[in-house]
Each structure stands twice: as C-alpha cells, then as structure tokens.
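Keep it short and grouped by topic.

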Amino acid sequence: MWDSVADSWAMHALFVDNRHRPASARMLQRVDPRPGDRVLELASGPGGLGLEAATLVVPDGEVVLSDVAPQMVAVEEARARSMRRDNVRAMVLDLEEIAQPDGSFEVVLCRDGLQFALDPHRAAAEIARVLHPGGRVAVAVWGPRHLNPWLGVLFDVLTAQLGMPVPPPGVPGPFSLGDGDRLDGVLRSAGLEAVRVVEQPLPLHVSSFDEWWAMTSALAGPLASVLSSLPDDVQHGLRAAAYEAVGPYMSMNGIDLPGVALIADGRKPR
Ligand SMILES: C[S@@+](CC[C@H](N)C(=O)[O-])C[C@H]1O[C@@H](n2cnc3c(N)ncnc32)[C@H](O)[C@@H]1O
C-alpha cells in the first residue's frame with residue numbers, strides 16, 4: 001500500500017516537512033540529539049525529520065532512516081544523498097519488529113507512523129528495546145478525527161458515499177492513537193518513563209480545492225489505490241461531496257483546514 005504512494009510522498013516531501021515543522025521542532029527539542037548520538041527514525045517516509053536530526057549529531061553521530069516500504073526507503077536514501085547527509089543510512093525496518101540490536105540508539109523518532117502499527121504496544125516495546133539506557137524517544141501521531149478535518153472530511157465523505165466505514169473496523173488508520181491517554185499508556189506499558197503527551201496544532205493551508213483533493217488522495221497510502229480504482233462517476237460524486245464538506249473552511253485566500261497532532265516523548269530508565 002505505502003510502496004504505491006512513495007512517488008507522491010517524494011513529490012510532496014517539502015510541503016509535508018514544512019507543514020510538520022512545529023511538530024518536528026518540538027520533537028527534536030524533547031529528544032535533544034547531541035554530537036555522537038545514534039538516532040533511529042521509524043516509518044520515515046521521505047525522512048524529513050531524521051535528515052534534520054542528522055545535522056545535530058555531527059561530527060561522529062549517525063542517523064538511520066527506516067520504513068517498512070522498500071520504495072519509501074529508496075526515496076529517503078535518494079533524498080539523503082541529494083542533501084549530502086553523509087552520516088545518514090536508510091534501511092527497511094518494520095516498527096513492530098525492529099531488526100536492530102538491543103540498546104543500539106540514543107534517540108528514536110517516529111512522526112506520523114506509530115498509529116499504523118497493528119499492535120502499538122508491541123511497537124513501543126521494540127522502541128524501548130533498541131534504546132540505550134537513558135535514551136530518548138519522541139513520537140507524533142494525529143489527534144482525534146474530529147479535530148482533524150483536513151483528512152477527516154475525506155474519510156467522512158468516503159464513508160457516506162461508499163456505505164462502509166473508512167477506515168474499515170480493525171484496520172489501524174491515521175487516528176487510531178488519537179486519544180492522548182491511550183498513547184501515554186502505550187509508551188508507559190513499554191517501561192518508558194517521564195512520558196508526556198501534548199497537543200500540537202498542525203493546520204493545513206492549500207490554495208484551492210483541487211490542490212487539497214490531489215494531494216490528500218495521492219498521499220493517503222491505504223486509500224490512494226481504493227480511490228483511483230473507483231469508476232469515474234463515483235469519483236465525480238466523491239469530489240462533489242468533498243467540495244461541499246470543505247466549503248466552511250474556504251476563503252478568498254484558499255482553504256484553511258484545522259489539524260492537531262499529539263506529541264509524546266519519554267525515556268528508557270538507566
Ligand atoms: C503517513 S506516512 C509518514 C511519513 C513520514 N514519517 C513523515 O512524517 O513524512 C507513514 C509512513 O509509515 C510507514 N509505515 C507504515 N506501517 C509501518 C510499519 N509497520 N513499520 C514501518 N513503517 C511503517 C509507511 O510506509 C509510510 O512511509
């Protein structure tokens with residue numbers, strides 16, 4: 001699913017990184033990567049956050065970008081090369097089964113990825129395992145769906161038009177860790193300490209409906225192939241319903257859709 005949208009993520013990488021800038025800054029401030037640290041970014045996609053961390057761990061620190069989708073790893077590898085980040089490596093890793101030795105990283109980062117784990121408790125246990133004692137982790141996930149109309153309206157429209165819940169029951173979607181208490185519990189259950197969860201507004205500004213539709217549907221990994229396989233008349237109906245749904249957020253300046261992430265951080269006990 002994610003392999004098929006890797007090209008779209010490569011194309012929109014700068015836009016995504018700019019939008020997430022306040023979350024990334026907060027995450028990096030919480031984990032405070034230092035020269036010499038080894039940093040692991042999980043579910044990196046195009047790797048914007050890890051590439052930023054790489055500038056903080058020079059001269060002898062290293063960043064490992066990783067993703068479960070090989071095409072995403074190819075994108076992050078190419079991006080690291082083009083930015084001449086010589087202390088960055090990229091590899092295929094599943095965040096629920098991190099094929100790395102115990103205690104091998106001082107910092108773990110995961111932006112917009114942990115919520116896709118089938119078993120987030122297992123993912124958190126894996127994060128704790130690969131952290132060095134005293135190591136730091138920061139995670140960003142989307143908050144509740146009702147605070148995230150930038151994507152929630154698309155899901156609502158799809159649910160109404162297709163007559164079935166999107167995402168389907170039991171499938172971990174973007175909002176599956178949107179409850180702060182649950183996210184806190186997931187990290188604590190892995191034995192992490194000093195866990196904090198805060199809300200981070202991440203609004204989305206686009207210049208037009210077409211821009212929002214094209215970008216959102218191209219990046220929505222699990223949804224992109226469903227959307228593009230629908231007959232033309234159904235797609236037309238979806239676009240019309242979506243246009244109406246984003247109406248309240250339109251102005252002369254384009255469309256401003258609210259979004260809220262949750263940022264959690266914690267530490268492995270020494
Ligand atoms: C919404 S994208 C976010 C990409 C990037 N972290 C960012 O913020 O720009 C989610 C990413 O999670 C990856 N992913 C999903 N499930 C994963 C898993 N089990 N292990 C590792 N990566 C996963 C996808 O391949 C995709 O690249």
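Phe209, Asp210, Trp212 and Trp213 in α9 meet Leu238, Arg239, Ala242, Tyr243 and Val246 in α11, where contact means heavy atoms within 4.5 Å. The residues of this α9 and α11 contact split into 7 nonpolar, no polar and 2 charged. Ala, Val, Leu, Ile, Met, Phe, Trp, Tyr, Cys and Pro count as nonpolar, Asp, Glu, Lys and Arg as charged, and the others, Gly among them, as polar. The model is predicted: local features need pLDDT of at least 70, side-chain atom pairs count only at pLDDT 80 or more, and totals for chains, interfaces and linings use all residues. Residues are numbered from 1 along each chain as its sequence is written, and side-chain values use heavy atoms, leaving out hydrogens and water.

**Helix geometry**
- The axes of α9 (residues 209-219) and α11 (residues 232-246) come within 11 Å and cross at roughly 120 degrees.
- That angle makes α9 oblique to α11 (under 35 degrees is roughly parallel, over 145 roughly antiparallel, 65 to 115 roughly perpendicular, the rest oblique).
- Axes are lines fitted to C-alpha atoms, for helices over the stretch in contact, and angles run from 0 to 180 degrees between N-to-C directions.
- Helices (H or I, at least four residues) and strands (E, at least two) are DSSP runs, numbered from the N terminus.

**Sheet**
- An open sheet of 3 strands runs in the order β7-β9-β8, with antiparallel pairing (strands pair if DSSP finds at least two bridges between them).
- β7 (204-206) and β8 (250-251) are the edge strands, each pairing on one side only.
- β8 pairs with β9 (residues 254-257) over 2 bridges.
- Serine 251 has glycine 254 in β9 as its bridge partner.

**Helix on sheet**
- α9 lies across β7, β8 and β9, at about 125 degrees to β7.
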